[in-house]
Amino acid sequence: MTLGSRLSQGGQPHLNFDGPTTTLVRTVTVVVALATTPACAADVGFLAAPGIPAKEFPSPRRPVAAIASLSRSAHDHRDLLNEAGEVARLLELKPGMTVGDIGAGSGYYTLRVSQLVGSKGSIIAQDVRRDYLIELGRRTEELKLTNIIFALGEPHDPRLPPSSLDAAILGHMYHEIAQPYAFLYNLAPALKLGARIGVVDFERPTSKHGTPIELLRCELAAVGYDKIATYQLAGDGGYLAVFVPPQEATRKSARDIVACTDRAGSR
């Protein structure tokens, strides 16, 4: 590992904060343009044209959790469990990749994976809360991390450019997606051929800020995502479920998607 990451005795990457400095690609509404300075808070906006409207998709048949307040209070505990390093290893993240931190929030994955992908890679920190992205932008400026792009999304649409991501991480936020079928459908075109998405969550009801694995698998399968594997993370870190997105040629239409019933009893 390079650029501030190191291997533990168990072979898993631990990420520190000797952040890289680089020229990054900064995208603004629809148009992708080159920039020679880090994306600033004022630049936060949509990176792509709208996808399919939410009204074309079924609504979830289970509770949607409220968006968690912005907090870094749990970061130290998650670092003790090496959550970011473990997820990076299992998703096979490498220097030079472009990784989406979907629902970035306080930036736990953004700040750590930024170092792993290095000066030739980038992180797209995406969220539906512009104020969260502005605060994260201030934090990245303090740490002098310059390979981070900020992307505003909508509850039904991440608004990311086509074929822009080598991997995507949905860290402890899936249960907060108000329109999961629309969101997943509109996310798929942003993932390159061979890309993987990793969903990190707890095995508990969505009303209690988790997602039962059976329900997660059903909802992603309904949109055409194929599950590769599920891993139990260390300690009380929850699970990582890894999927591959549907290809354009095989995607079903939005109106053919059938919402899953929550059999875990979290309704």
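Modeller: Helices (H or I, at least four residues) and strands (E, at least two) are DSSP runs, numbered from the N terminus. This is a predicted model, in which local features need pLDDT of at least 70 and side-chain atom pairs pLDDT 80 or more, while totals for chains, interfaces and linings use all residues. Residues are numbered from 1 along each chain, and side-chain values use heavy atoms, without hydrogens and water. The protein has six helices and eleven strands.

Colleague: What does the backbone do just after H3?

Modeller: Gly118, which comes just after H3, takes a positive phi of about 75°.

Colleague: Which residues of H3 are buried?

Modeller: Buried means under 20% relative accessible area, with a 1.4 Å probe and protein chains only. In H3 the buried residues are Tyr108, Tyr109, Thr110, Leu111, Arg112, Val113, Ser114, Gln115, Leu116 and Val117. Because ten of the ten residues of H3 are buried, this helix is largely enclosed by the rest of the structure, whereas of the 267 residues of the protein 53% count as buried.

Colleague: At what angle do the axes of H2 and H3 cross?

Modeller: Axes are lines fitted to C-alpha atoms over the stretch in contact, with angles from 0 to 180 degrees between N-to-C directions. The axes of H2 (residues 83-90) and H3 (residues 108-117) come within 10 Å and cross at roughly 60°.

Definitions and conventions: Buried < 20%, exposed > 50% of the residue type's maximum accessible area, 1.4 Å probe, protein only.
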